[in-house]
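Hi everyone, thanks for coming. Let's walk through this one together, so please have a look at the picture.

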Amino acid sequence: MATSKQSSHQQQQQSLQSSTFQVDFTWRKWQARITSISDPSQPIYIVDYQGIKAPHIIVKTPDSSTTIGTGTLHPISIHADYEIHGRKGKLKALKRWRTKYTHLSRAFANPPDSSSLAAMTWTSSSNFKTWDFICLDEQQIAVAKFSANMWGLKKIGMVEFLTPTAVSEAARDEIVVTGLTLAYCMILRTSSILSFVGAIFARTGPIEQKEDKVTAPEGTKRAVPSFDRLSLAVIDRSHLLIRSAKDGTVKHNFHLASGFAESCRFIKWYGYLHAGQSIVKRGGTNGNDPVGLDSQRLLLADDATILVYDVRRPTLYAEISGATGLTSLGNIEFGRTPDEVMVFSDFDFKIQIWSLITKRAIEIKDPKSASPGYDYRPTSGHLALLIRPAVHDILMVIAPHTHEVLETSELLTIDAQGIKYSPDSNWIAIWDTPSAGCRVLILTADGQLFKTYSLPHEELNLGVRSVQWSPDSEYLAIGDNEGKVTFLGKNKVDFLTTREGSLAEFPAVYS
């Protein structure tokens with residue numbers, strides 16, 4: 001028993017050490033070496049300090065072959081800029097005279113591939129020996145801390161990662177770059193009269209999403225991670241590079257026409273991820289197609305051409321050009337399989353579904369612009385699509401592979417907002433516009449109306465935000481715009497209970 005407790009204690013100590021980094025500074029090279037305290041002989045990051053030359057901090061891989069991120073200070077402004085893997089961002093002061101900063105995080109966003117970023121907050125505390133810079137997530141939970149040694153000449157600080165989400169490679173890179181940049185910024189502020197003047201006139205406050213748009217160095221497109229987070233797709237001038245997300249090494253190099261490389265608007269990976277015992281496709285669509293588990297295909301597109309690459313092949317896999325007949329692309333996505341490509345026109349005038357096997361496509365006019373306006377049947381792969389050709393919403397059921405239209409059903413909705421198949425494939429849930437109140441239609445798999453749920457009492461309601469089926473398809477959770485979740489029972493319309501919160505707070509319902 002004593003041996004077991006001792007072993008457990010040692011494992012806890014090793015885990016603690018592996019999530020704590022030491023920062024050692026070399027004055028001769030004006031360079032810092034960041035290592036894990038469990039293995040100080042192997043550097044994890046190399047940090048070059050540039051003095052008065054911008055960028056003022058450059059964080060590199062141990063062999064200095066790849067730049068992970070940079071930090072740039074300003075002589076007057078109290079804000080700072082940073083760049084991580086090609087994405088530029090801002091460290092913005094929330095207060096003029098207190099160390100309180102914010103930045104928008106992609107690594108801590110939920111989900112990580114979400115288009116909306118997480119607003120992180122940096123605060124500080126100090127004593128006679130250390131100056132601590134603490135990073136808080138959106139729930140104000142401390143996720144990491146950089147402790148600067150006030151009197152250290154060589155051992156200048158420690159970086160601690162305090163939560164499981166903070167130890168991922170993407171989060172770790174972000175914390176190191178932003179934490180060191182903030183520490184350097186505050187050293188400048190405490191020693192410069194120009195920064196004092198800048199604080200007087202600074203515009204402080206939260207960062208809006210539009211202030212932190214993704215940008216990239218000249219000649220490159222931003223890095224797009226694959227679903228397994230092992231690879232990054234980057235357009236570098238006239239090349240599509242597939243890099244290792246771990247060390248930045250180039251695993252595949254595809255040549256692109258220079259004109260296409262400059263005009264490319266979309267980079268989309270295909271892939272399925274495991275979620276418990278089920279397989280969940282990007283966007284929440286359920287599927288059980290085993291082909292997707294190891295697929296490594298990606299789409300590139302400008303307004304005229306769509307290219308399909310497979311990283312297991314040395315050359316271009318497929319090309320869709322000219323015949324699309326779309327004046328401008330609004331979006332592109334892989335379908336349920338890597339051999340299916342969905343092409344949306346700008347303003348959602350029409351959608352084309354291409355088969356890379358038959359090299360043919362079907363065109364459907366007037367798809368719903370509401371998202372998600374389509375879903376795939378988990379067991380068979382049938383596509384259920386919402387369209388609105390006239391004054392009524394239409395549900396269209398399309399066969400897999402052949403893309404034959406099997407069913408069209410007129411819906412009794414004012415303006416349908418979204419659609420979801422149940423995991424057992426027997427039911428379809430469609431929710432109506434908020435102006436209709438809390439209203440959800442339950443249909444059979446072939447699109448026939450089964451029942452309609454609406455509020456059991458006459459009461460003002462701001463409408464449905466989203467719905468989610470339980471894994472066994474016996475229950476349906478309805479999240480509304482008032483911050484409440486309503487649970488329906490086995491008959492799909494039997495009211496069970498209503499609770500305060502959002503669907504994300506009830507993972508047991510829809511794991």
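Let's start with an open sheet of 4 strands, ordered S13-S14-S15-S16 with antiparallel pairing. Strands here are DSSP E runs of at least two residues, helices are H or I runs of at least four, and both are numbered from the N terminus. Two strands count as paired if DSSP finds at least two bridges between them. At the edges stand S13 (224-225) and S16 (250-255); each has a single partner strand, so one side of each is left without a neighbour in the sheet. S14 (residues 231-236) and S15 (residues 239-244) run antiparallel and are joined by 6 bridges. Across that pairing, Ile235 stands opposite Leu240 in S15.

A quick word on the source: this is a predicted model, where local features need pLDDT of at least 70 and side-chain atom pairs pLDDT 80 or more, while totals for chains, interfaces and linings use all residues. Residues are numbered from 1 along each chain as its sequence is written, and side-chain values use heavy atoms, leaving out hydrogens and water.

Now, which residues have the most contacts inside the largest nonpolar core? They are Tyr49, Tyr101 and Phe133, in a core of 46 residues. Such a core is a set of buried Ala, Val, Leu, Ile, Met, Phe, Trp, Tyr and Cys residues joined through side-chain atoms within 4.5 Å. Helix H2 (residues 169-191) gives the most to this core, with 10 residues.

Cys185 sits in H2. Is Cys185 buried or exposed? Buried, at 4% relative accessible area; the cut-offs are under 20% for buried, over 50% for exposed, and partly exposed in between, with a 1.4 Å probe and protein chains only.
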